[in-house]
Structures are given as C-alpha cells and as structure tokens.
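The report that follows describes a single chain through its charged contacts, its helices and its backbone. Please read it alongside the sequence and the coordinates.

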Amino acid sequence: MGVVKLVVQVRLLPTPEQATALESTLCAVNEAATWVAALAHHRRVFRNYDLRRHAYGQIKDNYGLAAQAAQHVIKKVTDAYATLHANVHNGNMGRPGSARRERALAKPVVFRPGAAHPFDDRCLSWQMDARTVSIWTTRGRMKNVAFTASADQLQTLAAYRKGESDLLYRDGRWFLIATCDLPEVPVAAPDGFLGVDLGIVNIATTSGGVRHSGKTLNAVRHRHRELRRRLQAKQTTSAKRLLKRRRRKEARFAANTNHTIAKRIVTEAARTGQGIALEDLQGIRDRVRLRKPQRVTLHSWSFHQLGSFIAYKAARAGVALVYVDPAYTSQACSSCGHVDKRNRPGQATFSCTSCGFAEHADVNAARNIASRGVASWAVSHAADDAA
C-alpha cells in the first residue's frame, strides 16, 4: 500500500537564548550552503557524492558544523541545482538563448540567511507529551524548545511523522515543517465521476451544478494589487514596512479558499460514491493567449494549488482521481457532443447550435470533463485487467 505525504507546520516558541542559537545556526548553514553552491557552480559538480569530496571537510572547518549538518548542507545545494536544471529543461526559465534563461544559468544559487534547512532524527527529536523539541545548533544541543500545534496536528505528528523536518524563520517567527507519511486509503471503484471545471470567474464548478465563485478572491487580489502599487510608489520607510507585513496575506487567503473548495468537492464525491475528474492544465499559461489586462489575473490564478489540494484530500478519502484532456470542453455540448465555437456566445452562457441544449457554460464543461473521466477510468482499468 502506498502512502500520502502530508506536511504539518508547527510554530516554535523559543526563549530569547534559544532563538539566538537557532538564528546563528540558520545563518551558518545557509552561509555554508551559499559557499558550496558557488563552488559547485564554478567546478560544475552537482552530484551529492562528487560535491562531498570537494566541500565536506571545508564546511566542517570553516563554518563549525557537525558532520550530519554538513551532509545536509551539501544535499540542500544539490537539490537546489536539481530543481533549477529541471526548470530549465522543462522550459520554465524561458527558451534556449533567452535572457532569463542565461541569467539563471550564469550565476550560482544563493540562500537567504533565514531559508529553511532540513534536520533529520539525529539532529532533531520530538517530545510530543511535553510539546518540546531537542535540536542541534552551532552552540550545542538545545533542549526543551517549546512548540504549539492544534490537537489534530499533534495526533498526526505522533502517529505518522517520518523523515526530516525543516527549520524555518519567517516574518519574525520560528517554524518546524514536518513530513508525515499517512497510509493510503484503498480507492473504491467509483460510481461515475464528478467533473470539476476550473476557472477564474468561478474558481471551480462541478458537474453536479455547484459553482464556487471566484468573485471574492478576485476582489481581494485586486485590492492587494492596487495597495501594493500605491505603497511601492511612495518609497517611504513606513510604506516599505507595511508592504513587508502584508506580503503573505493574499497568499494565505487564497490557500484557505482553495482548501475550503477542495474539501467540499472531495466530500461531495465521497458522499455520492463518485470519483473526481480534473482537467490536465499543465502548461496552460504558455498555451493561452489573452489581452494584457487579463494576463495578471491568469498568472495569479492558483489552479495548480487547488488541484493539488483536491488530489491529496481525495487520496486520504479513498476517492478515485483522474486527469483528462481539457480540449474543447467549453465548446462541446454535454448532451449531443456537437463542438462549435458558437455554442459559447458568452462567458456564462452555453447554447448548442445543433440540439438546442442550454446550460451554464461552466456546468456544461464540468459535465464534459465528467464524461471523459468515465472513459479514462474504463480505458486505464481495461489495460490493467488485460495485464
């Protein structure tokens, strides 16, 4: 049986002395990581074991890190370069020869002083009953560092925490981000599929006719965007301070909205015994051509986050999930299958020019996605049965 990886974030409550030790530790490991990244870039060495031969001894001598911490620094650097090279290979950094791509490859990776750093069970131990952790620092082992978490988080950590935890300093607060491996619930054979059409005006629309409006989220994003523009134009100390304080509010609001929508969709599918069919929207930002005023809205649209939330919640609930080709789902009639641009006279209107079927455009698209989900499930399981 597989596992579902879940990230649990808890807040640390260190004393001033403990906070000073944690700060010096993060600064040291990130300073070391920046040096190792420059070395890797200069020597063109990006594999963990190869880079270790060049850097391990100097990290311990020059930055005062323990053996395990030095190993994590090297792995952190190789992981960062692996991500960079994957983004370049996949075209996320621009086309070959583009200025953005050349800039990304021309300079080494740099780590912020407060960037997250991994700690394994040799460097970090949890005392769940006491709600404290013991963590290695450059000033020695720091014991009895208090943390706070909800009852659900504590239960999940106690039962399923496994592997590394990341120490992170953000906006004046200390956090530990722990990875938990939850057992995957067996997926039940679905009785049909609940199609989900993702959009901007309506964030998500299901084939059951439920529309989750994006009006509030889009209004919040517009308000934040205008406020950022005004504050950036002022260039005063107080404006910069306010910008820094507000920089994560929009992201938190959007994530909370996506969590709520994903939970409702998965709950509906589980209650009705259906699977969930989602559009495969990979690369949509490169495919879609929009007028300039609409580009900001598209590029701030967190459809990938909503899709990932639906995916992991479905896995935890044992709900089947399939991805389908989104081509022409908005132009095809869910009643007769006729495809025509004229079927979609307006953003919210669908009226089939062949059979006369009329429905809200997003609901019609969601029904097409549901039908493709049924077909995709049948094809994939027919192949499994034949094997």
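## A buried aspartate and its partner

Asp 362 has a relative accessible area of 7% and is therefore buried, where buried means under 20% relative accessible area, exposed means over 50%, and partly exposed lies in between, with a 1.4 Å probe and protein chains only. The model is a predicted one, in which local features need pLDDT of at least 70 and side-chain atom pairs count only at pLDDT 80 or more, while totals for chains, interfaces and linings use all residues. Residues are numbered from 1 along each chain as its sequence is written, and side-chain values use heavy atoms, with hydrogens and water left out.

Asp 362 forms a salt bridge with Arg 344, with 4.0 Å between the closest N and O atoms; a salt bridge here is a side-chain nitrogen of Lys or Arg within 4 Å of a carboxyl oxygen of Asp or Glu. The two residues come from distant parts of the chain, 18 residues apart, since Arg 344 sits in the loop between strand S12 (321-324) and strand S13 (349-351), and Asp 362 in helix H12 (residues 361-386). Helices (H or I, at least four residues) and strands (E, at least two) are DSSP runs, numbered from the N terminus. Arg 344, at 25% relative accessibility, counts as partly exposed.

## Other salt bridges

Across the whole structure, a search finds 8 salt bridges. One of them joins Asp 181 to Lys 5, whose closest N and O atoms are 2.8 Å apart. Because Asp 181 lies in strand S7 (residues 173-183) and Lys 5 in strand S1 (residues 3-13), this pair ties together parts that are 176 residues apart in sequence. Asp 181 counts as buried at 17% relative accessibility, whereas Lys 5 counts as exposed at 56%.

A further salt bridge is made by the side chains of Asp 121 and Arg 161, at 3.2 Å from N to O. This pair also links distant parts of the chain, 40 residues apart, with Asp 121 in the loop between strand S2 (117-119) and strand S3 (124-127) and Arg 161 in strand S6 (residues 161-170). Asp 121 is partly exposed, with a relative accessible area of 46%, and Arg 161 is partly exposed as well, with a value of 24%. Elsewhere, Arg 47, Asp 50 and Arg 53 are linked in a network of salt bridges.

## A positive patch on the surface

A surface patch of positive charge gathers Arg 11, Arg 173, Arg 223, Arg 241, Arg 245, Lys 249 and Arg 252. Helix H7 (237-246) and helix H8 (249-272) are the elements that give two or more residues to this positive patch. Patches are made of residues with over 30% relative accessible area and no salt bridge, like charges being joined within 9 Å and nonpolar side chains (Val, Leu, Ile, Met, Phe, Trp, Tyr) within 5 Å.

Helix H8 has 24 residues and spans 35 Å from its first C-alpha to its last, close to the 34 Å expected at 1.5 Å a residue, the expected span being 1.5 Å times one less than the number of residues. The buried residues of H8 include Ala 254, Ala 255, Ile 261, Ile 265 and Val 266, together with the acidic residues Glu 250 and Glu 268. Just after H8, Gly 273 takes a positive phi of about 75 degrees.

Helix H1 (residues 16-43) has 28 residues and reaches 41 Å from first to last C-alpha, close to the 40 Å expected at 1.5 Å a residue. Within helix H1 lies Ala 37, which counts as buried at 0% relative accessibility. The C-alpha atoms of Ala 37 and Thr 78 are separated by 8.1 Å, although the residues are 41 apart along the chain. Just after H1, Arg 44 takes a positive phi of about 60 degrees.

## Positive phi in loops

Arg 131, a residue other than glycine, has a positive phi near 55 degrees. Arg 131 lies in the loop between S3 and strand S4 (132-137) and is partly exposed, with a relative accessible area of 38%.

For Gln 235, likewise a residue other than glycine, phi is positive and near 60 degrees. Gln 235 lies in the loop between helix H6 (215-234) and H7, and with a relative accessible area of 53% Gln 235 is exposed.

Conventions:
Accessible areas come from the Shrake-Rupley method with a 1.4 Å probe; for residues, only the protein chains shown count as cover. Lys and Arg count as positive and Asp and Glu as negative; His and the chain ends are not counted. The place of a charge is taken as NZ of Lys, CZ of Arg, CG of Asp or CD of Glu.
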